[in-house]
Amino acid sequence: MDKTTNHENDAPELPTENVPWWMDGKTIAETLKEPHFLAKGVMQYWQRLKGWLLYPLAQLDPMTCNERLLSLLAWDRDITRFKDEPTSLFRKRVKYAFVNATDAGEKAGFIRIFQRLGVGVVEVDERTPERDWDIITIRLSDSQLSENYSLLEQLLQQYGRTCRRYEYQVINVVQWTISATPLDWQQECSVAVLEE
């Protein structure tokens with residue numbers, strides 16, 4: 001799923017310029033002659049033609065296509081660009097639109113959607129005890145929430161479950177250091193008696 005398609009690798013390889021030695025323009029001549037230039041020109045023409053044929057295929061890849069065509073691909077995949085969304089994130093959302101739509105509606109799928117789009121690792125809790133049945137809690141760090149708030153809002157609107165309420169719960173990782181030392185206390189009890 002994460003593999004970027006490189007159509008250049010999938011296309012057949014062009015043969016190398018292979019002309020007979022007596023026509024290569026350099027074996028029997030002291031300077032380069034016409035057949036050499038003709039063979040070079042023909043090979044450059046085929047390379048250029050191959051590029052022209054592969055260009056439309058490259059435009060179907062949201063990660064490399066023209067930005068105008070990206071808007072058309074986004075419309076086709078039902079992706080709306082939110083305000084101030086970076087182009088790289090918009091390209092990712094368009095690229096993973098089908099996979100995200102498939103993953104929507106389940107807990108593990110929702111986590112995969114967040115990871116795919118760069119939000120990071122989150123926890124999703126459904127049916128929390130002593131809470132209303134329709135509340136889904138999304139646990140993430142403070143930085144994840146502040147950096148990706150618009151994206152999270154868009155993802156919940158597009159892939160969230162109908163008739164469910166979502167709430168964010170901020171978790172912060174705290175490092176604890178506990179030192180263990182042996183306690184070797186000695187106790188001594190002395191009794192003093194006053195004699196009369």
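Is E126 buried, exposed or partly exposed? At 28% relative accessibility, E126 comes out as partly exposed, a label that sits between buried (under 20% relative accessible area) and exposed (over 50%), using a 1.4 Å probe and protein chains only. The model here is predicted, so local features need pLDDT of at least 70 and side-chain atom pairs count only at pLDDT 80 or more, while totals for chains, interfaces and linings use all residues. Residues are numbered from 1 along each chain as its sequence is written, and side-chain values use heavy atoms, with hydrogens and water left out.

As for the overall layout, the protein has eight helices and three strands. These are DSSP runs numbered from the N terminus, with helices being H or I over at least four residues and strands being E over at least two. Read from the N terminus, the order is α-α-α-α-α-α-β-β-α-α-β. Of the 196 residues, 28% count as buried. Among contacts (heavy atoms within 4.5 Å) with a separation of 6 or more, 52% come from residues 24 or more positions apart.

L38, V42, Y45 and W46 make a nonpolar surface patch of about 410 Å². Patches take residues with over 30% relative accessible area and no salt bridge, joining like charges within 9 Å and nonpolar side chains (Val, Leu, Ile, Met, Phe, Trp, Tyr) within 5 Å. Y45 belongs to helix α2, residues 34-58, and is partly exposed at a relative accessible area of 45%.

Then there are the charged pairs. Side chains of opposite charge can pair when their charged atoms come close. Eleven salt bridges turn up across the whole structure, each being a side-chain nitrogen of Lys or Arg within 4 Å of a carboxyl oxygen of Asp or Glu. E85 pairs with R93, with the closest N and O atoms 2.8 Å apart, and both residues are buried. R139 and E123 also meet in a salt bridge, at 3.3 Å from N to O. R139 lies in strand β2 (residues 135-140) and E123 in strand β1 (residues 123-126), so this pair ties together parts 16 residues apart in sequence.

Back to E126: its side chain meets that of R161 in a salt bridge of 3.1 Å, N to O. E126 lies in strand β1 and R161 in the loop between α8 (149-159) and β3 (165-170), so the pair ties together parts 35 residues apart in sequence. R161 is partly exposed too, at 27%. Finally, a network of salt bridges links D103, E106, R112 and R116.

Terms used. Accessible areas come from the Shrake-Rupley method with a 1.4 Å probe; for residues, only the protein chains shown count as cover.
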